[in-house]
Amino acid sequence: MLRITSLNVNGLRSAFNKGLESWLSSTRPNIVCLQEIKISAADVSDALREPLAYRSEFNHAIKKGYSGVGLYMDKALPQAEFKHGIENEEFDPEGRVLAARFSNLTVVSAYLPSGSSSEERQQAKFRFLDSFGPWIDAMMRDYRETGHEYVICGDWNMAHKEIDLKNWKGNLKNSGFTPEEREWMNNLFEQRGFVDVFRLLCPDADQYTWWSNRGQAWAKNVGWRIDYQISTPGIATRAKRAEIYKEQRFSDHAPLTIDYDFEIEN
């Protein structure tokens with residue numbers, strides 16, 4: 001069984017201070033996809049670089065204390081080849097994408113831009129999507145030609161359907177749920193052929209991964225499902241169990257864990 005967890009930590013050191021390492025010790029995911037690590041390479045301590053029985057790879061943002069993604073991988077797994085970024089001069093310096101390619105599976109940790117702070121950032125988000133789409137299209141072509149599987153984990157900063165956020169009526173024009181973003185997600189699943197693995201296993205409402213720090217959003221479960229594990233169809237059919245963990249809070253996002261009946265080959 002292959003267990004993959006995705007979590008926007010909103011600061012790697014902060015999440016560890018809130019008990020993330022203890023939770024990883026008890027749940028033991030084989031691969032952990034981290035987003036918004038907010039740490040520079042020089043500031044990553046040995047304890048953060050190799051916690052428990054993990055080795056790591058990071059893609060840091062150039063801007064200090066901003067963005068960045070990472071991967072923790074069980075040391076028992078085969079070695080992987082890494083690709084940092086999507087060959088985009090505007091967004092690669094922000095440390096938004098990291099891919100680990102094993103012989104029969106590639107796992108991606110992605111942190112897509114948020115457009116909620118300004119119209120300028122919303123337009124940047126659309127530019128990122130314009131570049132990210134063809135980048136993941138190449139993955140689907142590889143899957144169809146060779147059978148190599150892909151799992152793209154991360155904070156997509158978009159909710160797909162009305163079921164994916166509590167207050168959908170009040171957010172129809174807001175970043176993360178605009179018609180353009182929803183259409184991009186529709187295209188991802190209906191035309192590009194990727195699978196929303198969590199929804200395959202858990203069709204119920206009120207399943208969220210992020211809650212605003214304003215008001216009582218967490219207490220009242222007024223959330224958004226913006227963290228996904230999206231995969232090629234083959235490995236999606238081998239997904240057996242999904243969980244959004246909410247008993248502890250390591251950040252404003254909750255860990256999304258999915259178990260796959262899949263073995264990474266040497």
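Predicted model: local features only at pLDDT ≥ 70, side-chain atom pairs only at ≥ 80, totals over all residues.
Accessible areas here come from the Shrake-Rupley method with a 1.4 Å probe. The protein's accessible surface comes to about 11,700 Å². Carbon and sulfur atoms hold 45% of that surface.

Next, overall form. The C-alpha trace spans about 50 × 45 × 40 Å along its principal axes. How does the radius of gyration fit a compact globule? For 266 residues, such a globule would have a value near 18 Å. The protein has 17 Å, so the two agree.

What is it built from? Seven helices and 14 strands. And the contacts? Take those between residues at least 6 apart in sequence. Of these, 71% join residues at least 24 apart.

Now go inside. Of the 266 residues, 57% count as buried. In soluble globular proteins, nonpolar side chains tend to be buried together. Here, the largest nonpolar core has 35 residues. Which of them touch the most other members? Ile4, Ile31 and Tyr260 do.

Look at Tyr260. Leave aside residues up to four places away in sequence.

Last, charge. The protein carries 33 positive and 38 negative charges. How many Å apart are their mean positions? The answer is 5 Å.

Key: Residues numbered from 1 in each chain as written. Heavy atoms only, no water. Helix = DSSP H or I, 4+ residues; strand = E, 2+ residues; numbered from the N terminus. Rg over C-alpha atoms; globule rule 2.2 N^0.38 Å. Buried < 20%, exposed > 50% of the residue type's maximum accessible area, 1.4 Å probe, protein only. Contact = heavy atoms within 4.5 Å. Lys, Arg positive; Asp, Glu negative; His and termini not counted. Charge placed at Lys NZ, Arg CZ, Asp CG, Glu CD. Core = buried A, V, L, I, M, F, W, Y, C linked by side-chain atoms within 4.5 Å.
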